Amino acid sequence: MMTVLQTLIALLLLVHCCLCDYPDFDTWKSSAGRDYAFEDERDYRQLIYYTTVVKISKHNADPTQTYRMGLNHFADMTFKEYKLTYLRAQPNDIEVPDAS
């Protein structure tokens, strides 16, 4: 079950998402073929998704960037999860980049 803080964060990120022309989590989840067995997992993935949307929005709004970012089917995974799952990295080998 989501805490009050998680709910507030998800709501703020949802508003940001709507203002930036990105699909809401449920729309993205359907298009990406995602299904979560537990509500807690869904809530966790939703927070990651909206955090990813904010990161993409910030990057694309920066005129100094030389490329554009977009959503893909990894949008509900953390960088660490992605590396462990797809790049076969060992947990001790992972350096998580700064969130800024």
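The following legends describe close-up views of a predicted model.

**View 1. Crossing of helices α2 and α3.** Helix α2 spans residues 25-32 and helix α3 spans residues 39-61; their axes come within 10 Å and cross at roughly 100°. The two helices are therefore roughly perpendicular. On the α2 side, the contact is formed by Phe25, Asp26, Trp28 and Lys29. These residues meet Arg42, Arg45, Gln46, Tyr49 and Tyr50 of α3. Sorted by class, the contact comprises 4 nonpolar, 1 polar and 4 charged residues.

**View 2. The largest nonpolar core.** This core has 9 residues, namely Tyr22, Phe25, Trp28, Tyr36, Tyr49, Tyr50, Val53, Ile56 and Ala75. Helices α2 and α3 are the elements that give two or more residues to the core. The largest share, 4 residues, comes from α3. In soluble globular proteins, nonpolar side chains tend to be buried together.

**View 3. Surroundings of tryptophan 28.** Beyond its neighbours within four places in sequence, tryptophan 28 is in contact with Pro23, Arg34, Tyr36, Tyr49, Leu71, Asn72, His73, Ala75 and Asp76. Tyr36, Tyr49 and Ala75, among these partners, also belong with Trp28 to the largest nonpolar core.

**View 4. Aspartate 76 in its loop.** Aspartate 76 lies in the loop between α3 and α4 (79-86). Its relative accessible area is 2%, so the residue is buried. The side chains of aspartate 76 and arginine 34 are joined by a polar contact of 2.9 Å. With residues up to four places away in sequence left out, aspartate 76 touches Trp28, Arg34, Tyr36, Arg45, Ile48, Tyr49 and Glu81.

Definitions and conventions:
Residues numbered from 1 in each chain as written. Predicted model: local features only at pLDDT ≥ 70, side-chain atom pairs only at ≥ 80, totals over all residues. Heavy atoms only, no water. Axes fitted to C-alpha atoms, helices over the stretch in contact; angles between N-to-C directions. Parallel < 35°, antiparallel > 145°, perpendicular 65-115°, else oblique. Contact = heavy atoms within 4.5 Å. Nonpolar A, V, L, I, M, F, W, Y, C, P; charged D, E, K, R; others polar. Core = buried A, V, L, I, M, F, W, Y, C linked by side-chain atoms within 4.5 Å. Buried < 20%, exposed > 50% of the residue type's maximum accessible area, 1.4 Å probe, protein only. Polar contact = N/O pair within 3.5 Å; in protein donor to acceptor, adjacent residues only side chain to side chain.
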